[in-house]
Amino acid sequence: MKIPVEIICTNCGTEAFLNREPVYEGLKKTGEELSCPACGFIFVSEAEVPFKAHAAAPNIFTDADRSKAVKVFDEGENKSICRYCADYVVNPFMQFCSRHKKEVQATDGCPQFSSAPEKPSNPLL
Ligand SMILES: [Zn+2]
């Protein structure tokens, strides 16, 4: 609660530590007054406070989301390639898709991918 929060004041542009003053109505704390220590500008609500961290956040979040999305995408790719498909059959001469009756590569993929069972199935069954 008492951790200094860095802001970049929207009013005066100063980088400062947010002033957080409890507001009392009688003896009851009704809220907090958030203000800029440099110019005294009062922020109406927490959402109005120009947190310094928040100013940089959009880029950070974008990068994190992007790399996460890419990672998930890669995993999905790996799992839906012919190599892992139940219809993927390998013989000494070729790799074959038993669903499409055509030669495939281990790294090929298709919308009809079906997960191979955990244990390798007997291709004769
Ligand atoms: Zn200010």
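Start with the open sheet, where three strands line up in the order β3-β4-β5 with antiparallel pairing. Strands here are DSSP runs of E with at least two residues, helices are runs of H or I with at least four, and both are numbered from the N terminus; two strands pair if DSSP finds at least two bridges between them. Select β3 (19-25) and β5 (42-43): these are the edge strands, each with a single partner strand, so one side of each has no neighbour in the sheet.

Before moving on, note that this is a predicted model: local features need pLDDT of at least 70, side-chain atom pairs count only at pLDDT 80 or more, and totals for chains, interfaces and linings use all residues. Residues are numbered from 1 along each chain as its sequence is written.

Next, pick β4, residues 28-35, which pairs with β5 in the antiparallel sense over two bridges. Which residue of β5 is the bridge partner of Leu 34? Click on Phe 43 and you've found that partner.

Now show Leu 34 and Phe 43 together with Ile 7, Cys 9, Leu 18 and Cys 36: these six residues make up the largest nonpolar core. Such a core is a set of buried Ala, Val, Leu, Ile, Met, Phe, Trp, Tyr and Cys residues joined through C-beta atoms within 7 Å. Buried means 20 or more other C-beta atoms within 10 Å of a residue's own, with C-beta atoms placed from the backbone.

Finally, zoom out: you'll count one helix and eight strands, following the pattern β-β-β-β-β-α-β-β-β along the sequence. Of the 125 residues, 9% count as buried.

Notes
Buried ≥ 20, exposed ≤ 12 C-beta atoms within 10 Å, placed from the backbone.
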